[in-house]
Amino acid sequence: MSDDYLVRIGKLIRDARQHQGWTQTQLAEALGTSQSAVNRIERGNQNISLEMIARIGEALDSEIVSLGYAGPMHLRVVGGRRLSGAIDVKTSKNACVALLCASLLNKGRTVLRRVARIEEVFRLLEVLNSIGVRTRWVNEGVDLEIVPPAQLDLAAIDADAARRTRSIIMFLGPLLHRTEQFTLPYAGGCDLGTRTIEPHMIALRRFGLEIAATEGLYHAQVDRTVAPDRPIVLTERGDTVTENALLAAARHDGTTVIRNASSNYMVQDLCFFLEALGVRVDGVGTTTLTVHGVPQIDVDVDYSPSEDPVEAMSLLAAAVVTESELTIRRVPIEFLEIELAVLEEMGVDCDRTPEYAADNARTRLVDLTVRPSKLEAPIDKIHPMPFPGLNIDNVPFFAAIAAAAHGQTLIHDWVYDNRAIYLTDLNRLGGRLQLLDPHRVLVEGPTRWRAAEMMCPPALRPAVVVLLAMMAAEGTSVLRNVYVINRGYEELAERLNSVGAQIEIFRDI
């Protein structure tokens, strides 16, 4: 086999092993070989027979590995089916990736409970593993244990994995405390147009971090004599910008005030985690955060990230567009109240239970039951705002919901350059969406959805919106190359099937 093919096979095996929640040692025991041999196979440094590929596939219950094929995943959707029953919301994607980055602050052992098993998490784990951090899935693959080395090997960073996730930008805050000089690959992620990192730089310069960008790398230099001498005012109330500032402030020996901070769900989860590390954070849930830093953090910490409000919105939208009665459990209500208020004005029939506490003991949850409803277009346009406004990531779901409503709905997605354009992919499925400019789209409803075969949009939320429309469309649709959905959702097709959808996962042979 060629070296390139061995590398592709190795990555397939590694991904399948991680998905199963196995260590290299566990796989080696199942195969009757050594951990070092598995390590060589996964790195593409060892010839491997078709028989061995088949044995690995059988051990990992992965047909894809047994076929030895590295092609993209597709979904075949039989639409027009009603959903029923109940479905739980998984833990927050954005909180989990922030906490993975935050684990670099701690010299001790970090355990994160019920971590989302998604591609974005897997990419960050690959990066962490490549620089010497030991990670393993524990408690039958439900929880994640993270143990850092005494010294990080940043020169060995997995650049390919790093470039496939924008979350790598949140390594800047923790790393500036570990070394005075390092490089990071350019951040990637969804194709949502140009997103500058200048707000990050403005905040982190106050901690002595300077960045030069050349040849696909950020070259970082840290001046230890520089420290914040007045409040840091963020030029953008962004989630990752706020998180980076928090991560930098957490080990700053002193008090840091961060103004115009995001108070969104993933930021609150990060603050709660920092408090578990011994860092006091005042003002959680507001736009002014006061961080009482701890120069050295060496504790064994156990933390449960809260549920994902954007996934909750996805499931709610699935019920609405398929005209189903569905109960969505463990919904973080504080972060969906504006969305629910808008939906109720549109006519969505929805009940909620009394509030109860999430596993982190801080986030408020409810169970929502959605029933088939007659929808009317909202009078005002749908547009995002920083929390507590309508969540930026929830805006695309209103395109599918508005398409089911009577009348015209204006959606103004002012944050991203391209995302409104991707929403017009719904026209392939019978939607009537008119693009007014790169940020505004006019949705005409109601829609008679029709089946189609199409490529997945290259942005996470629009991709899921297309999938939901396919679930509502009579007939069989095909959505090709759904990696972007797997970046943010754990086993979404299987979980939707559990409440009545009919979605088949397949690959080209």
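**Note on rings, packing and backbone in a predicted model**

1. Arginine 330 is found in strand β14 (residues 326-332). Helices (H or I, at least four residues) and strands (E, at least two) are DSSP runs, numbered from the N terminus. Arginine 330 is not a glycine, yet has a positive phi of about 65 degrees. At 18% relative accessibility, arginine 330 counts as buried. Buried means under 20% relative accessible area, exposed over 50%, and partly exposed in between (1.4 Å probe, protein chains only).

2. On the source: this is a predicted model, where local features need pLDDT of at least 70, side-chain atom pairs count only at pLDDT 80 or more, and totals for chains, interfaces and linings use all residues. Residues are numbered from 1 along each chain as its sequence is written, and side-chain values use heavy atoms, with hydrogens and water left out.

3. How many aromatic pairs does a search of the whole structure find? The count is 4. Rings of Phe, Tyr and Trp (its six-membered ring) pair if their centres lie within 6.5 Å; planes under 30 degrees apart count as stacked, over 60 as edge-to-face and the rest as tilted. Phenylalanine 122 and tryptophan 137 have ring centres 6.5 Å apart and planes at 80 degrees, so the pair is edge-to-face. This pair links distant parts of the chain, 15 residues apart: phenylalanine 122 is in helix α7 (residues 119-130) and tryptophan 137 in strand β4 (residues 134-138). Phenylalanine 122 is buried at 3% relative accessibility. Tryptophan 137 is buried too, at 9%.

4. Phenylalanine 273 and tyrosine 303 also pair. Their ring centres are 5.8 Å apart and their planes at 70 degrees, so this pair is edge-to-face. Phenylalanine 273 sits in helix α12 (residues 265-276) and tyrosine 303 in strand β13 (residues 301-303), 30 residues apart. Both residues are buried. Elsewhere, Tyr265, Phe335 and Phe387 form one aromatic cluster.

5. Two arginines lie over ring faces. Arginine 117 is over tryptophan 137, at 4.1 Å from the ring centre. Arginine 76 is over phenylalanine 506, at 4.0 Å. The test is NZ of Lys or CZ of Arg within 6 Å of the ring centre and within 35 degrees of the ring normal.

6. Asparagine 360 is in the loop between β16 (356-357) and β17 (364-371). Is asparagine 360 buried or exposed? With a relative accessible area of 10%, asparagine 360 is buried. Leaving out residues up to four places away in sequence, asparagine 360 touches Asp269, Phe272, Tyr303, Ser304 and Ser306. Contact means heavy atoms within 4.5 Å. Alanine 361 is in the loop between β16 and β17, but counts as exposed at 60% relative accessibility. Phi of alanine 361 is positive, near 65 degrees.

7. The bond from phenylalanine 387 to proline 388 is cis, with omega near 15 degrees. Proline 388 is in the loop between β17 and α15 (395-403). The bond from glycine 445 to proline 446 is cis, with omega near 0 degrees. Proline 446 lies in the loop between β20 (440-445) and β21 (453-455).

8. Helix α13 (residues 309-321) packs with helix α17 (residues 460-472) at about 25 degrees, their axes 9 Å apart. Val310, Ser314, Ala317, Ala318 and Val321 in α13 meet Arg461, Val464, Leu468, Met471 and Ala472 in α17. Axes are lines fitted to C-alpha atoms, for helices over the stretch in contact, and angles run from 0 to 180 degrees between N-to-C directions.
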